Amino acid sequence: MKCDILTLFPKVIQAILSESILKRAVEAGLLEVKVYNIRDFTEDRHHVVDDYSYGGGAGMVLKPEPIFRAIDSLENNREERHIILLSPQGMPFKQKMAERLSLESKRLVFICGHYEGIDERVRSIVNEEISLGDYVLTGGELAAMVVIEASARLIPGVLGDEKSAIDDSFSGGIFDYPHYTRPSEFRGMKVPEVLLSGNHEEIRIWRRREALRRTLDGRPDLIEKANLSDEDKRLLEEIVNDKEE
């Protein structure tokens, strides 16, 4: 997975890349990230990247020239890249999008907006606009890194155990099941007996039931959209009956 990030704050990106899973993915050659400071593509001595909005209004707007120059400077041509703008107006980021981007053969180029917004003409070169949700961040750096991490961890070899990504919340359309580790009892709270039983089939059913229960409690809308098996439907019926008793 190859990424270019256009940002005003490269240190934010580099700090995240220097830790944990992303660091290991880069070191293993499974993830390549190049960071570009948009200020480096200005032509005035003060490296001005923003200006007042035509028509008035609060806040400053990122100028188009340095962003276009940054894009033009990339080693790949337009046919070889997929340009993503991080903004509150984008499509909400979902697990399915992460799965798609992890398989993308083109180089992913992330434009991190800032200030009041970005000159509308930049959207003429954007292939996709992504939002983390219905809220506003100061800039697109954190959003870009969320998208990259969620996608990169799905690449075979990035996680120590590839099954971890398969079992993640949302990978199967519903939440993940509860997890427990040692000690078996902590402050009066015990690990469910079934997990200590060694019966793999009972453990599998328990985990699926609890995943469905957790999803039904927290995000019932996901249950309506999920591709449920006959076993899932039976377990859901048991869960609902338990609630009614």
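Q: What makes a residue buried, exposed or partly exposed?
A: Under 20% relative accessible area is buried, over 50% is exposed, and anything in between is partly exposed. Keep those cut-offs handy for this predicted model.

Q: Why is S20 called partly exposed?
A: S20 has a relative accessible area of 49%. That falls between 20% and 50%, so the label is partly exposed. You'll find S20 in helix α2, residues 20–27.

Q: What makes the phi of S20 worth a look?
A: Most residues other than glycine have a negative phi. The phi of S20 is near 55°, which is positive, and S20 isn't a glycine.

Q: Where does H47 sit, and what is its phi?
A: H47 is in the loop between β2 and β3 (50–52). Its phi is near 55°, another positive value in a residue that isn't glycine.

Q: How do you know whether H47 is buried, exposed or partly exposed?
A: Check its relative accessibility, which is 39%. Since that lies between 20% and 50%, H47 is partly exposed.

Q: Why does P156 count as exposed?
A: P156 comes in at 56% relative accessibility. The cut-off is over 50%, so P156 passes. P156 is part of the loop between α5 (141–152) and α6. P156 and S102 are 54 residues apart in sequence, and their C-alphas are 9.8 Å apart in space.

Q: What makes C3 and C112 buried or exposed?
A: C3 has a relative accessible area of 0%, and C112 is at 0% too. That's under 20%, so both are buried.

Q: How do you describe the packing of α8 and α10?
A: Two packed helices are described by the angle between their axes and the distance between the axes. For helix α8 (residues 200–218) and helix α10 (residues 230–244), the angle is about 60° and the axes are 10 Å apart. Their crossing is right-handed. Among the residues making the contact are R204, I205 and R208 of α8, plus E231, D232 and L235 of α10. By class, the contact has 7 nonpolar, no polar and 9 charged residues.

Q: How do you know where confidence is lowest and highest in the chain?
A: Compare the mean pLDDT. Helix α6 (residues 163–167) has the lowest, at 61, and strand β2 (residues 32–37) the highest, at 98. The chain averages 93, and 96% of the residues score at least 70.

Technical notes:
Residues numbered from 1 in each chain as written. Predicted model: local features only at pLDDT ≥ 70, side-chain atom pairs only at ≥ 80, totals over all residues. Heavy atoms only, no water. Buried < 20%, exposed > 50% of the residue type's maximum accessible area, 1.4 Å probe, protein only. pLDDT = per-residue confidence, 0-100. Helix = DSSP H or I, 4+ residues; strand = E, 2+ residues; numbered from the N terminus. Axes fitted to C-alpha atoms, helices over the stretch in contact; angles between N-to-C directions. Left-handed = near helix turned anticlockwise from the far one by under 90°. Contact = heavy atoms within 4.5 Å. Nonpolar A, V, L, I, M, F, W, Y, C, P; charged D, E, K, R; others polar.
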